[in-house]
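Biologist: I would like a close look at a single part of this model. Please put that part in the setting of the whole chain.

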Amino acid sequence: MRNEAAYIYQRLASRIESQILDGVYRTGDKLPSIRTLCSSESVSHASVMHALELLEMKGFVEARPKSGYYVKSISPLSGVSDRPTRRSGFAPLSIDVSDVIESVFQRVNRPDVVNFGFALPHPSLTPYEKLSKAVASASRNDPELFGRYPQCSGIPELKRQLAVRLSLSGCHVDPEELIVTVGATEAMNLALQVVAKPGDTVVVESPCYFGILEMLERLSLRALPIPSSSEHGLNIEMLAQALDVHSVKAVVLTPSFSNPNGSCMRDDRRKSLLQLLDDHGVSLIEDDVYGDLYFGKTRPRPIKAYDQEGTVLYCSSFSKSIAPGMRVGWLAPGGHFEKANKIKRTQTIGTPPIIQYGLAQFLASSSIERHFRSLRKQLKQQVESIHHAVLSAFPEGTSVSKPQGGFVIWIELPETVNALELHRRALANGISVIPGSMFAIGGTQENRIRISCGNPFGQRSRDAIRTLGSLVRELSVEALSAVPLRKRARN
Ligand SMILES: Cc1ncc(COP(=O)(O)O)c(C=O)c1O
């Protein structure tokens, strides 16, 4: 019964949404009244109200007191098709984000822009000479690598090196329990398929890396977003409340230098989270791609290091710390090795072995620690320079995260500023930034942007940050001058 009702209002909302996108209703148009919609659609008052609230949350329309619902001027990004219930405060949502993400990326992927968009270290920070030598020597030493299928879970040399690196972070994993994957993306996809089936609910941080939302969408999983802050990361207290109400299969979390808000969970909170999940029998899919990029004295310890029960499926890669183009990641799937390995075999048979050998050789060399040290130093400088530049260029009312690792900065703009519009105007000025709504479902994070600090900071970046600051000011002023108009319309 509940599902049927949900279906009706979602269908109505999505039809009105298409009409807005197709230009049937234009900016400023008043939508038909609630009574008219009830009778023309033969649906209840509650269904119409839910549909309109959903459209409002997604940014398509705005409610004007005593007047009705009007089409807004900004096209929204978020493609959510449900909303949190008032009763519990949280509800699982189905996801429809991939088209939006693709369209933003097509726009930011232009060579002529100052790139604050892609979360990648600049290619000059990749040890490409050493890597290419290692890969060339692997293929020279064993040309038969070209003519064989690899071992599905990965070559033993690389798995041993990965186990060594994991133990340096406090995680002791048998190399035989590891699966080498094509990036963390494949590791997380495998982990999700192991613990959940279509229709199941998975908790995500809000905001979270949009790739996670795309994975959930593709696997037909429902997302339960739980707020995360730059200071503390995932709100465990809210998660505990949600777990009392909803049946959840897994939590997907980036506890160390999360993308986009840069949060790094304290150790005591990591332990409390694990205890909570153990108590509820919920798996944790830990994404640790930024863990090696800490600015302080010690590397944050992965939650996997505290795991006694096989609760944590640990995923990582070298995309952020060595070379994204190698596409090498790994999964430590806890008690789920057989199932994960079987899915890996059916999906890709194995990860390209020549790359695995080359990487194993690089990891075994004395260059590796030097590489990590210099990368961390460089990224820290870039993050600090951009942080400083934003503080001096953006208007009052802006908050800027100060991450202690990784290389993305999360900026909360004055409340009236729409980040999607800022993203558009910035692109028109040759600057790419990612709007906050790409990192969330449910129409939140709309006055936030993510800035990647992967590129060296110079005069061009400084000027671009100044331009962004001016655009934010411009948008604030426009929003303020729009207020009297709205007031007039109400009377
Ligand atoms: C938090 C997070 N996890 C995973 C990935 C994807 O990793 P990979 O390139 O290894 O597939 C990204 C890429 O931006 C990310 O930010």
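How many helices and strands does the secondary structure of the protein chain come to? And which residues form the one aromatic cluster?

Modeller: The secondary structure comes to 15 helices and 16 strands. Both are DSSP runs numbered from the N terminus: helices are H or I with at least four residues, strands are E with at least two. This is a predicted model, in which local features need pLDDT of at least 70 and side-chain atom pairs count only at pLDDT 80 or more, while totals for chains, interfaces and linings use all residues. Residues are numbered from 1 along each chain as its sequence is written, and side-chain values use heavy atoms, with hydrogens and water left out.

First, the whole chain. The C-alpha trace spans about 80 × 55 × 45 Å along its principal axes. Of the 491 residues, 57% are buried. Buried means under 20% relative accessible area, exposed means over 50%, and partly exposed lies in between, with a 1.4 Å probe and protein chains only. Contacts reach along the sequence too. Of those between residues at least 6 apart, 73% join residues at least 24 apart. A contact here is heavy atoms within 4.5 Å.

Now the part you asked about. The aromatic cluster is formed by Tyr-209, Phe-210, Trp-410 and Phe-439. A search of the whole structure finds five aromatic pairs. Rings of Phe, Tyr and Trp (its six-membered ring) pair if their centres lie within 6.5 Å; planes under 30 degrees apart count as stacked, over 60 as edge-to-face and the rest as tilted.

Start with Phe-210 and Phe-439. Their rings make a tilted pair, 5.5 Å centre to centre with 50 degrees between the planes. This pair links distant parts of the chain, 229 residues apart. Phe-210 sits in helix α8 (residues 210–218). Phe-439 sits in the loop between β15 (434–435) and β16 (448–452). Both Phe-210 and Phe-439 are buried.

Trp-410 is buried, like Phe-439.

Ser-206 and Pro-207 are joined by a cis peptide bond, with omega about 10 degrees. Pro-207 lies in the loop between β5 (201–206) and α8. Another cis bond runs from Asn-259 to Pro-260, with omega near 20 degrees. Pro-260 is in the loop between β8 (250–253) and α10 (267–280). These bonds deserve a look for a plain reason: most residues other than glycine have a negative phi, and most peptide bonds are trans.

Ser-220 has a positive phi, near 55 degrees, and is not a glycine. Ser-220 falls in the loop between α8 and β6 (222–229). It is partly exposed, at 43% relative accessible area. Ile-349 also has a positive phi without being a glycine, about 65 degrees. Its place is the loop between α11 (337–348) and α12 (353–364). At 36% relative accessibility, Ile-349 is partly exposed.

Arg-269 lies in helix α10. At 14% relative accessibility, Arg-269 counts as buried. Leaving aside neighbours within four places in sequence, Arg-269 is in contact with His-232, Leu-234, Asn-235, Ile-236 and Glu-237. Gly-397 lies in the loop between α13 (367–393) and β12 (399–400). It counts as partly exposed, at 49% relative accessibility. With the neighbours within four places again left aside, Gly-397 is in contact with Glu-412, Leu-413 and Pro-414. Gly-397 and Gly-454 are 57 residues apart in sequence and 26 Å apart in space, C-alpha to C-alpha.
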